[in-house]
Amino acid sequence: ICLYGPPGVGKTSLGRSIAEALRRKYVRVSLGGLHDEAEIRGHRRTYIGAMCGRIIQNIQKAGTSNPVFILDEIDKITNDFKGDPASALLEVLDPEQNNAFHDNYLDIDYDLSKVMFIATANNLNTISQPLLDRMELIEVNSYTENEKFHIAKDYLVGKQIERNGLTPQQIVFSDKCLEKIIHNYTREAGVRNLERRIGDVCRKAARKYLEKKQGPIRVNEGNLEKYLGKERVSFEDANEEDEVGIVRGLAWTSVGGDTLQIEVNVMPGKGNLLMTGQMGDVMKESAQIALTYVRSICPDYQVADDYFEKHDLHLHIPEGAVPKDGPSAGITMATAMLSAVIGRKVLAKVAMTGEITLRGRVLPIGGLKEKILAAKMAHMKKVLVPDKNRPDIGELSKEILDGLEIVY
């Protein structure tokens, strides 16, 4: 099994829970930065300091031939002149071959077929195709704000109170306060930073408790700033009024979804397209495709034939210091350009995502759950989604789609 998803969503913890549920021993190997094939296969005994590989070492440590074996960060294996560890893992993870796994140090075949291997990864693109083929992929998605709230209330708060030497009678977190920490002090797909922030509050409360010996400390929305300082995260809300040439796109980032405002201005010129806002190559190509498509449909909107020879278009994506890339802003750019050229306003409460082709077809995109959550946080009312992404929308829970109109 390969559990993949953004950092902090509990992939490694899930592996530990599987081991507990099966009542099997739990062993974990971190593969991040592993670059020597001998770490997996072991050294031949002729070398000085020879030892068996990590797989056999950990099975020795577990003292059983059927542990639950976690291969952490399988997407971060590197290779160098000492061989490619990813290739050595091919035999380990293939159920047809691993009943006779050959470790160079043992020099006899060892049966790994009873071991349950669980790999974790953040990004599947860096894993070689043959290795991916040997794993059953299970996506572990980012959490909604509501899910984070319940995780914090039921587990994280109790854990941090205990870790910081307090008792549940000495400190009380209000529900509104937890919601505010999630919304205004953390921006992530998982709950790692959320747990840190709760720990920050607990440590300051513990000190306050020791200094003043006062009754239970109540942390609520009003006094949260005293513990955590100014709000760290602000979400860009939907614009108040409809404007010409400004359209809201949706982006997928490693920490969840985000909304991007795409702005287009038209000015007298010679038909050039200016692009600013640290756009990557894929995004620049998307902008060129969007412009070509808009030019091809302009006759339908009574635009003069020589309009583009006499005007320049400037496309900008705000937050100019943040690099942005990916194909899913195609329809957003095309809509913004057309709006600027024909002078028609675009609804402020609409967000959109989709890749565009030269003929104006809209292709499916990835990361839909995160994008829809971002639209919801920005208080959008309507989201435009490629028709081929219908199955993805069908998998989303009612809580995520509540209050949003999805248009295919």
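Which handedness, left-handed or right-handed, does the crossing of α6 and α8 have? I found this crossing to be right-handed; by the convention I used, a crossing is right-handed if the near helix is turned clockwise from the far one by less than a right angle, and left-handed if anticlockwise.

**Entry 1. The model**

I worked from a predicted model, in which local features need pLDDT of at least 70 and side-chain atom pairs count only at pLDDT 80 or more, while totals for chains, interfaces and linings use all residues. Residues are numbered from 1 along each chain as its sequence is written, and side-chain values use heavy atoms, with hydrogens and water left out.

I looked up the confidence next (pLDDT is the predictor's confidence in each residue, from 0 to 100). The protein has a mean pLDDT of 88, with 98% of its residues at 70 or more. Helix α15 (residues 398–401) has the lowest confidence, a mean of 82, and strand β6 (residues 116–121) has the highest, at 94. Helices (H or I, at least four residues) and strands (E, at least two) are DSSP runs, numbered from the N terminus.

**Entry 2. Helix packing**

I took axes as lines fitted to C-alpha atoms, for helices over the stretch in contact, with angles from 0 to 180 degrees between N-to-C directions. Helix α6 (residues 145–163) and helix α8 (residues 192–212) have axes that come within 9 Å and cross at roughly 45°. The two helices are therefore oblique to each other (angles under 35 degrees count as roughly parallel, over 145 as roughly antiparallel, 65 to 115 as roughly perpendicular and the rest as oblique).

I then turned to α6 and helix α7 (residues 175–185), which pack at about 120° with their axes 10 Å apart. That angle makes α6 oblique to α7, and their crossing is right-handed.

For α10 and α12, I noted an angle of about 45° and axes 8 Å apart. This makes α10 oblique to α12, and the crossing is again a right-handed one.

**Entry 3. The second largest pocket**

Which helix gives the largest share of the lining of the second largest pocket? I found that α12 supplies six residues, the largest share. At least two residues each come from α10, α12 (330–342), β15 (345–346) and β16 (350–352). The pocket has a volume of about 660 Å³. Its lining holds 26 residues, and I331, T335, L338, M352 and L384 lie nearest the centre. By class, I recorded 19 nonpolar, four polar and three charged residues.

On a 1 Å grid over the protein atoms alone, a pocket is an open set of points with protein on both sides within 12 Å along at least five of seven lines, a cavity is a set where a 1.4 Å probe fits but cannot get out, and lining residues have an atom within 4 Å of a point. Grid points are joined across faces, edges and corners, and a volume is the space filled by probe spheres set on the points.

**Entry 4. The cavities**

I counted two cavities of 30 Å³ or more. The largest has a volume of about 70 Å³, and its lining includes N239, E241, R248 and Q261. Strand β11 (residues 246–253) gives three residues, the largest share of that lining.

The second largest cavity holds about 30 Å³ of space. G271, N272, L291, R295, F308, H311 and L313 line this cavity, with α10 (281–297) and β14 (311–316) each supplying at least two residues.

Terms used:
Nonpolar A, V, L, I, M, F, W, Y, C, P; charged D, E, K, R; others polar.
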